[in-house]
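Hi there,

Here is the structure I promised to pass on.

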Amino acid sequence: MQPEPGHAIRPDAAAEPPLCVDLDGTLVRTDTLYESVLLLVKGNPVAVLALPVWLLRGKAHLKRELASRVALDASALPYHPELLAWLRGEHAAGRKLVLVSAADERVVRAVAEHLGIFSELIASDGTTNLKGPGKRAALTARFGGGYDYAGDHPADLDVWSDARGAIVVGTDDRLVRKVGSRVQRTFISPAPRLATIARALRVQQWVKNVLVFVPLLMAPEARNPALFWDAFLAFVAFSLCASAVYVTNDLLDLDADRRHETKRRRPFAAGDLPLALGFVLGPATLGVGLALALLLPPPFLVVLVLYLVTTTAYSFRLKHVPLLDVIVLAVLYTGRVIAGAAATSVSPSPWILGFSLFFFLSLAFVKRYSELHALRRKDQGELKVRGYYPSDLELIATQGTVSGYISVLVAALYLNSDRVALVYVHPAFLWTICPLLLYWISRIWLLARRGELHDDPVLFAVRDRTSYVIGALVAATLLLARLV
């Protein structure tokens, strides 16, 4: 139901029963306990070992210990927009609002002070966990049965049993039916869809893992169809493990993502998916990916584990080290090629590895260039992006362009080597690829310099018609060189 329009003062609003509002899952589309745990993990991973000890003394004690060590940014939390708009209207009309939550008092106070619409708060105090019967007892002691309550969870049925009226929030229509005649208003949102989960897993990023097929396609063993099944398993295993890393990063970067122009729309940052699902989704995809890796030759598992270690180090630290960050990105892309070789037991060509390293180094530079260029266009002075300043733009452009051209040089040297004759019947056709690559790399950098490249260059290529044409021409050239 949509909030009532208008913020006019109602003469009888002050005489109405206080409106008590739950925090987690109701006012905010997240769970502040999970958010606090994630902040603790990010700031001091070793402290996580203390969580079971704190929990042994009760959930309220756990919440107090977390609240004393990490501070949630109330301004960055994903508030329920329709509910908050309605609450602001009730406050403006003169009604008393009370923020009541099982979260620790410090967390609840920070939210109440940020919003400025609550005249009172009731919360867990380190001893009593104010959920279900505990919350009902606290509200009954404070207001008797004369209050309305906004909640979202089956545990709130206890509270609604004593309340005058119920405001039901969430994604579960069944809860509305269970509350029955006490329901005054509902704010029911659609339940998360598979498409939302796919966005959290970054399924669109799986296109990068097509690189595992490259060693096989460029080797004489490409005539063996059975090896393509191994390459496909490697693709799926790599994609699932990469998704596990994406989910973990999104959980740990909630605050930063919510301040970003586009990343704030990611499912966990926006509250479109519950954090509890993320705690399951990450380990599950990782487990399935590693299980599939066990079906392939052992070297593939070694490469996959090294990839996971490197990408984790990148996420926590290396992405903030200028120049090293782009080199690591290039290595991670090249690692996909090495993984494909390991999965199919094909010896990777040093020419392919050299080309991949320089080619993806150029794309890593163009990604950083685009981020800095956007910052400079917003006239935000010397604000930096991952250790780079807008004044570094020209240096990054030079390094990136040169890296791209070097990759084409490596390809040209490969075409002039003895190895190429082992794979292709007519390698002379392959020289067509060099000008195609030169054009694509030059065009990517031209668009970046114009400020027209707003995405990861690999994802840009997936959506770019010109890239498809060039890709088709390259594929046709490779096929002709093999078959003619």
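Throughout, buried means under 20% relative accessible area, exposed means over 50%, and partly exposed lies in between (1.4 Å probe, protein chains only). Please keep in mind that this is a predicted model, in which local features need pLDDT of at least 70 and side-chain atom pairs count only at pLDDT 80 or more, while totals for chains, interfaces and linings use all residues. Residues are numbered from 1 along each chain as its sequence is written, and side-chain values use heavy atoms, with hydrogens and water left out.

**Salt bridges**

D272 pairs with R199 in a salt bridge, at 3.6 Å from N to O. (The criterion is a side-chain nitrogen of Lys or Arg within 4 Å of a carboxyl oxygen of Asp or Glu.) Because R199 sits in helix 9 (residues 194-201) and D272 in the loop between helix 13 (267-270) and helix 14 (275-293), the pair ties together parts that are 73 residues apart in sequence. Helices (H or I, at least four residues) and strands (E, at least two) are DSSP runs, numbered from the N terminus.

The whole structure holds 27 salt bridges. Another of them joins the side chains of E120 and K96, at 3.0 Å from N to O. This pair also links distant parts of the chain: E120 belongs to strand 3 (residues 120-124), and K96, 24 residues away, to the loop between helix 4 (81-93) and strand 2 (97-104). E120 is buried at 18%, whereas K96 is partly exposed at 31%.

A local example is R368 with E371, where the closest N and O atoms are 3.4 Å apart. Both are in helix 17, and because they are 3 residues apart, about one helical turn separates them. R368 is buried, with a relative accessible area of 1%, while E371 is partly exposed at 24%. There is also a network, in which salt bridges with shared partners join E16, E90, R95, D148 and R164.

**The second largest pocket**

This pocket has a volume of about 1,600 Å³. Of its 42 lining residues, L211, V214, F355, V474 and L478 are the closest to the centre. On a 1 Å grid over the protein atoms alone, a pocket is an open set of points where a 1.4 Å probe fits, with protein on both sides within 12 Å along at least five of seven lines; lining residues have an atom within 4 Å of a point. Helix 22 gives the most to the lining, with 10 residues. The lining divides into 36 nonpolar, 3 polar and 3 charged residues.

**Nonpolar cores**

The largest nonpolar core has 68 residues, and F300, W440 and W445 touch the most other members. (A core is a set of buried Ala, Val, Leu, Ile, Met, Phe, Trp, Tyr and Cys residues joined through side-chain atoms within 4.5 Å.) Leaving out residues up to four places away in sequence, F300 touches residues including A234, F238 and A343, where contact means heavy atoms within 4.5 Å. A second, separate core of 30 residues includes L27, L72, L121 and A150.

Happy exploring!

Notes
Grid points are joined across faces, edges and corners, and a volume is the space filled by probe spheres set on the points. Ala, Val, Leu, Ile, Met, Phe, Trp, Tyr, Cys and Pro count as nonpolar, Asp, Glu, Lys and Arg as charged, and the others, Gly among them, as polar.
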